[in-house]
Every structure is written in structure tokens, then in C-alpha cells.
Amino acid sequence: MAQTTGFTVWLTGMSGTGKSTMAAYIAARLRQVDRNVEILDENELRDDLWQGLGDSKDERNTIVRRLGYVAGLLTRNNVAVLVPSVSPYKAGREDNRRTIGRYIEVYVDCPTEKLIERDSTGRYKKALSGEIPNFIGITEPYEPPASAEVVIHSDVESVEDGAGKIFQSLLDLGYVTVEELKIITGKKMKAQPPTKTEVTRVSSAPKSGKAAPAAKAAAPAAKPAAAGKGAKARPAARAARVAKPAAKKAAAPKRKAR
């Protein structure tokens with residue numbers, strides 16, 4: 001039986017970090033080398049795959065399992081699958097990793113205050129005011145991976161730079177070829193031994209203002225995680241505080257993910 005050429009790139013992170021933007025960028029370039037590509041965007045598939053499900057932890061895990069099931073079917077039929085999904089719980093993501101097999105996890109991170117600043121939908125403000133309950137990162141925690149094949153900080157890294165990390169990981173794992181990436185990137189990339197990046201949280205929760213009514217009282221600030229322990233879930237109450245305007249702005253990257 002011929003080996004499949006399919007794989008799944010699972011992009012996880014809080015709402016608004018740029019997962020869908022990154023998925024669209026990667027998909028367009030994989031199509032340049034005649035790859036069969038599908039994007040399973042949770043925001044676009046809601047009515048078809050889980051209409052009527054709510055926001056409880058069990059229901060969110062059901063959504064992630066359904067996305068994983070479809071991704072697995074496509075992967076073993078030689079499709080490159082990109083799944084931009086908040087998928088906030090580690091257990092659900094790890095279940096999909098085991099089930100799908102040819103799988104890489106991409107953690108798209110961004111400080112909460114930046115997400116609030118650039119939110120064009122108003123959902124973060126509504127969550128902070130208590131209008132949207134069970135909002136991941138505000139009143140419900142997001143569980144970042146302890147380590148991931150790729151970590152992208154979308155507040156300081158451009159879409160192009162983030163995509164370069166993903167392509168390198170795909171090459172390292174043998175999911176794409178040097179020849180394909182020469183066409184996609186214009187560069188001759190070399191495969192390296194596959195690795196995972198340990199997640200070190202550099203993003204901070206907002207530090208001023210009042211928490212949303214649904215959030216619990218703030219707990220004392222946690223100490224930085226020790227090396228090798230991975231990141232802890234972003235506390236809901238801390239994330240619910242409104243950010244102060246940044247004193248200094250980082251130099252603008254080539255293109256920001258939305």
C-alpha cells in the first residue's frame with residue numbers, strides 16, 4: 001500500500017491571533033505545487049458540523065473531535081489539511097495527534113492586551129463586560145501546549161516569517177520535499193532533525209481595569225514556569241482585565257496576521 005502524502009497542520013490559539021490568516025497563506029502556497037489542500041476553519045463549519053452545541057468544556061471537546069475526525073479522513077486520502085481552531089484544551093488536541101498520525105501542532109500566540117486592541121469584532125469587549133459568557137481567554141482559560149512543532153508570536157512575527165517556520169517543520173518531518181519548498185519559497189531549504197519548541201509564555205494578561213462580572217477574583221501572579229515544565233493555562237480573571245495603552249510599540253513587521 002502506497003504511503004499517504006497527506007498531513008494535518010493544526011493551528012491553535014486564542015480568538016484573533018491570526019490562525020485563519022496563516023492557514024490561508026499556507027494553503028495558497030501548497031496549491032502552487034499541486035497539493036490537494038483543504039482548510040477546516042471552525043468559524044466556517046459551525047452550522048454544518050456542530051449546530052446546536054454550546055460552550056461547555058465537553059461540547060468544545062466534541063467540536064475538536066469532529067474537526068479531527070474529518071481532518072484524519074482527508075489526511076489519509078492524500079490531502080494537506082489546515083485546521084485553524086481555538087481548540088483550548090490540551091487533551092482534545094493530543095487525542096487528534098494520536099488519531100491522525102501525520103500531524104503538526106502550530107501554536108499561534110499573541111498577548112491578550114494586543115488581541116483586545118486589534119479586535120474588530122467587538123467580542124473581547126463584550127466578553128469583558130459580561131455580555132459573552134464562557135469566552136476563552138477572558139472568562140474561561142486557554143491551555144497552551146507544553147511544546148509544539150511550531151510556535152508563532154503573531155504580534156511580532158509576520159505571516160511570511162511564521163509560514164517559514166511551518167514549512168521548515170513540514171520538511172523536517174518529510175511531509176513536503178526540498179523541491180516543493182524551492183518553488184514555494186524560492187530558497188533551497190535543508191531538512192533538520194524534527195524537534196518541538198517548548199512554549200514559554202511571553203505574553204501577559206491585561207493589568208488594569210475591572211474584570212468582567214463573570215470572572216473570578218484575581219489570584220496572586222504566578223511565578224514564571226520552570227524550564228521544561230511548559231506553560232500553564234492563561235487564568236481567566238487575569239485575562240479579563242483591560243490593558244493599559246502600551247508605552248512603546250514594537251517595529252511593524254512585514255504583515256500582521258489578523
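Biologist: Why are H2 and H3 called roughly perpendicular to each other?

Modeller: Helix H2 (residues 42–49) and H3 pack at an angle of about 95 degrees, with their axes 11 Å apart. The angle classes are under 35 degrees for roughly parallel, over 145 for roughly antiparallel, 65 to 115 for roughly perpendicular, and oblique for the rest. The pair is therefore roughly perpendicular. The axes are lines fitted to C-alpha atoms, for helices over the stretch in contact, and angles run from 0 to 180 degrees between N-to-C directions.

Biologist: Before we go on, what kind of model is this?

Modeller: This is a predicted model, in which local features need pLDDT of at least 70 and side-chain atom pairs count only at pLDDT 80 or more, while totals for chains, interfaces and linings use all residues. Residues are numbered from 1 along each chain as its sequence is written, and side-chain values use heavy atoms, with hydrogens and water left out.

Biologist: Which residues make the contact of H2 and H3?

Modeller: From H2 come Glu42, Leu45 and Leu49, and from H3 come Arg66, Leu67 and Val70; contact means heavy atoms within 4.5 Å. By class, this contact has 4 nonpolar, no polar and 2 charged residues. Here Ala, Val, Leu, Ile, Met, Phe, Trp, Tyr, Cys and Pro count as nonpolar, Asp, Glu, Lys and Arg as charged, and the others, Gly among them, as polar.

Biologist: What makes H3 roughly parallel to H4?

Modeller: The axes of helix H3 (residues 57–75) and helix H4 (residues 90–100) cross at roughly 20 degrees and come within 9 Å. That crossing angle makes H3 roughly parallel to H4. H3 passes H4 in a right-handed crossing. On the H3 side the contact is made by Asn61, Val64, Arg65, Gly68, Ala71, Gly72 and Thr75, and on the H4 side by Gly92, Arg93, Asn96 and Ile100. Those residues divide into 3 nonpolar, 6 polar and 2 charged.

Biologist: How many helices and strands are there in the protein chain?

Modeller: The chain has 9 helices and 7 strands. They are DSSP runs numbered from the N terminus, with helices (H or I) of at least four residues and strands (E) of at least two.

Biologist: Staying in helix H3, why does Arg60 count as buried?

Modeller: Arg60 sits in helix H3. Buried means under 20% relative accessible area, exposed over 50%, and partly exposed in between (1.4 Å probe, protein chains only). Arg60 has 15% relative accessibility, so it counts as buried. Leaving aside neighbours within four places in sequence, Arg60 is in contact with Asp55, Pro88, Tyr89, Asn134 and Ile136.

Biologist: And Asn134, how do you know whether it is buried, exposed or partly exposed?

Modeller: The relative accessible area of Asn134 is 32%, so it is partly exposed. Asn134 lies in the loop between helix H6 (123–128) and strand E5 (147–148). Its phi is near 55 degrees, a positive value in a residue other than glycine.

Biologist: Another loop has Val33 and Asp34. Why do we call Val33 buried, and why does Asp34 count as exposed?

Modeller: Both lie in the loop between H1 and E2. Val33 has a relative accessible area of 13%, so it is buried. Asp34 is at 69% relative accessibility and therefore counts as exposed. Phi of Asp34 is near 65 degrees, again a positive value in a residue other than glycine. Val33 touches Glu180, Ile183 and Ile184, not counting residues up to four places away in sequence. Val33 and Glu179 are 146 residues apart in sequence, with their C-alpha atoms 9.3 Å apart in space.

Biologist: What about Gln51: why does it count as exposed?

Modeller: Gln51 is in the loop between H2 and H3. Its relative accessibility is 63%, so it counts as exposed.

Biologist: Which residues touch the most other members of the largest nonpolar core?

Modeller: Of its 29 residues, they are Val9, Leu30, Val106, Ile166, Phe167 and Leu170. A nonpolar core is a set of buried Ala, Val, Leu, Ile, Met, Phe, Trp, Tyr and Cys residues joined through side-chain atoms within 4.5 Å. Val9 touches Val81, Leu82, Val83, Ile104, Val106, Ile166 and Leu170, not counting residues up to four places away in sequence. A second, separate core of 18 residues includes Val86, Ile136, Ile138 and Val199.

Biologist: What share of the residues in the protein chain is buried?

Modeller: Buried residues make up 47% of the 258 residues.

Methods:
Left-handed = near helix turned anticlockwise from the far one by under 90°.
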